[in-house]
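Here's a quick tour for anyone meeting this protein for the first time. Take a look at the model, then read on.

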Amino acid sequence: MSTRFLQRSLLNAVCASLIKEPNFSSGDSRSKTIVDLVNQLAKTTPEFILKLALYLRDDLNIRTTANFLLALASVHTECRPYLKLYVPATVRLPSDWIEVAKLVKKIPGRDIAGLPSALRNALEIKFQQFDEFSLAKYNKEKSVAKRNARDRESDMLSDSDDGGHVLETLKQMVRCLHIGTPVYHVMCLTGKRYPLDREEFHKSGLPGEFDDQRAG
């Protein structure tokens, strides 16, 4: 089959998500078709896959399928040089940021538990672009904690990387990717308190001047 035919077939398969997105968790027939086409195109036109993901998110407002294409691209060596460009451009919301990482783990036939290094780097670049308000809006740490308290078996069902990190909340993602900046955003998400004194403030790496009214 020609490259053009494969590209057209992938375009048709993903654009069908305008009607209904595939269930990528169950591995239905359409998601398997997408995986197969991406596997073939990654060898010849890897950037096309990432351009298509951006088109889906930008022009068609198709969220999960676009994120799944990013996840699929990340496991192909040929696609990885383009991740730093296309992942930050395609991922719009903190919820997308988490979903891309979770979808990597749903790719059929993938034996490695951790996230590819190129994807980790691209996700870290995107994190720098989120503002305080969007991170606060999508910070679901409390609701996830309450849900897990009701269901103690949730730890066994959660997506985790080889370091044992679960990928359900922004806090868990920050820890999994070892993100340290912006310092204030990381402190808010991980639940760290404002420094007690000027010495702690300077050690923390926070910008600006120490505010003793916020201490502790």
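Buried residues (under 20% relative accessible area, with a 1.4 Å probe and protein chains only) make up 44% of the 216 residues in the protein chain. This is a predicted model, so local features need pLDDT of at least 70 and side-chain atom pairs pLDDT 80 or more, while totals for chains, interfaces and linings use all residues. Numbering starts from 1 along each chain as its sequence is written, and side-chain values use heavy atoms, leaving out hydrogens and water.

As for the fold, the chain has 13 helices and 0 strands, taken as DSSP runs (H or I, at least four residues, for helices; E, at least two, for strands) numbered from the N terminus.

Now for the inside. Beyond four places in sequence, Trp97 is in contact (heavy atoms within 4.5 Å) with residues including Leu123, Phe127 and Met173.

Next, a helix pair: the axes of H1 and H3, lines fitted to C-alpha atoms over the stretch in contact, come within 11 Å and cross at roughly 30 degrees. Angles under 35 degrees count as roughly parallel, so H1 and H3 are roughly parallel to each other.

| Helix | Residues | Residues that meet the other helix |
|---|---|---|
| H1 | 3-15 | Gln7, Leu10, Leu11, Val14, Cys15 |
| H3 | 46-58 | Phe48, Leu52, Tyr55, Leu56 |

Note on methods. Buried < 20%, exposed > 50% of the residue type's maximum accessible area, 1.4 Å probe, protein only. Axes fitted to C-alpha atoms, helices over the stretch in contact; angles between N-to-C directions. Parallel < 35°, antiparallel > 145°, perpendicular 65-115°, else oblique.
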